[in-house]
Amino acid sequence: MARFLLLLSCIGLLYFSWPSIEKNLENKDSFEQIQSEIETIKNNPETSKKIDELYGQVQQVLSMFENKVEKTQPTKEIDEKINLRAPAEQFFSIHNIELGDSKTEIEQKLGSPKRSSLNEYGTNWNTYHDNYRNFFMVMYDQNNKAAGLYTNQDLISSKNGMKLGTQKTDVRKALGEPLTKIQKGLIIYQLDQNSDYDVFLKDGVYITIFYDKHEQNTVTAMQLISKEMEQRKTDFYTKASTNLKKGFEFQLFDLTNAARVRHQLPILAWDEHVRETARKHSTDMAENKYFDHTNLKGQSPFDRMKEDHIIFMLAGENLAYGQLSSIFAHEGLMNSLGHRENILRKGYKFLGVGVAFNDKSQPYYTENFYAK
């Protein structure tokens, strides 16, 4: 502000001095004479008085402007708390919705989803939120019944009081020991016992509970998938497709913004330009079988963004590889401190997500954050 006022003062000085400067230029006087003339005029009491008046007027205008800006700043949005009820049929519900509820009933209550995008089960995640508050996703089976639910916000309800923030030890006391494997036909899939999530099978529902190790191993998200839907997914990795790539990209974007809102941070805007930068890096890693922020040409994320003519003052990149879906990729990134800091960095304004698959349909995820 001081620099701005100084600049205006200099402009005022030049304005009042210009007739004399112009006269000297016409007479082809030397630069030293012009400078001397300016100094004489600047020290003139009348000129000083006019500059002081201009300075005061500028301060008044700026004060009025600042007061106007302060008054017109948007007020902080207040979360509309959902009145959660204990589920009537299932062990858990999300946003008072249970697996088996009809699509018609859900849409009568909540309207159309904000986004519908392909997921790893060959159906769509339908995303609901109010500017990423009260965020959850639901998918339907062939009978238009809810067959999958997910949230990473305070929308979890249960018959025994488990909810967001429940301790991992309390979850295991209530649900027992988590699964170590899932069998589909003749194939047995071993589950990682050192992961930051547990999988349970209760009443025909696969319950995946994600924990936040930076918040004392408390529940941070939940995914519910019907056993029938899970058994339909016969391959560990879903066959790659253009629509699945787009689905994973938008889902990871939405999950990131939902996490930011939960931590009282502003949401990020989708950036198509930097999405292409992210996609190219994911594709490069998938095709050339490496996993690193620095590509095989020695370029950093910042080099790649500059090469694509993206102007930024602040930038960062998150990478993930091999997770079954954007949900597992996001929850893993949130439990990795450096990646978590990128997701929750206040200064970022834009995000682009790029996904690519290798020849085994294993996904590579790249998130590019930045601010201009």
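This is a predicted model: local features need pLDDT of at least 70, side-chain atom pairs count only at pLDDT 80 or more; totals for chains, interfaces and linings use all residues.
**Helix α10.** Eight of the nine residues of the helix (residues 326–334) are buried, so α10 is largely enclosed by the rest of the structure. Helices are DSSP runs of H or I with at least four residues, and strands are runs of E with at least two, numbered from the N terminus.

**Basis.** I note that residues are numbered from 1 along each chain as its sequence is written, and that side-chain values use heavy atoms, without hydrogens and water. Local features need pLDDT of at least 70 and side-chain atom pairs 80 or more, while totals for chains, interfaces and linings use all residues.

I then looked up cavities (sets of points on a 1 Å grid over the protein atoms alone where a 1.4 Å probe fits but cannot get out; lining residues have an atom within 4 Å of a point). The structure holds three of 30 Å³ or more, volume being the space filled by probe spheres set on points joined across faces, edges and corners. About 100 Å³ lies in the largest cavity. H330, E331 and M334 are among the residues that line the largest cavity, and α10 gives the most to this lining, with three residues.

How values were computed. Buried means under 20% relative accessible area, exposed over 50%, partly exposed in between (1.4 Å probe, protein chains only). On a 1 Å grid over the protein atoms alone, a cavity is a set of points where a 1.4 Å probe fits but cannot get out, and a pocket is an open set with protein on both sides within 12 Å along at least five of seven lines; lining residues have an atom within 4 Å of a point.
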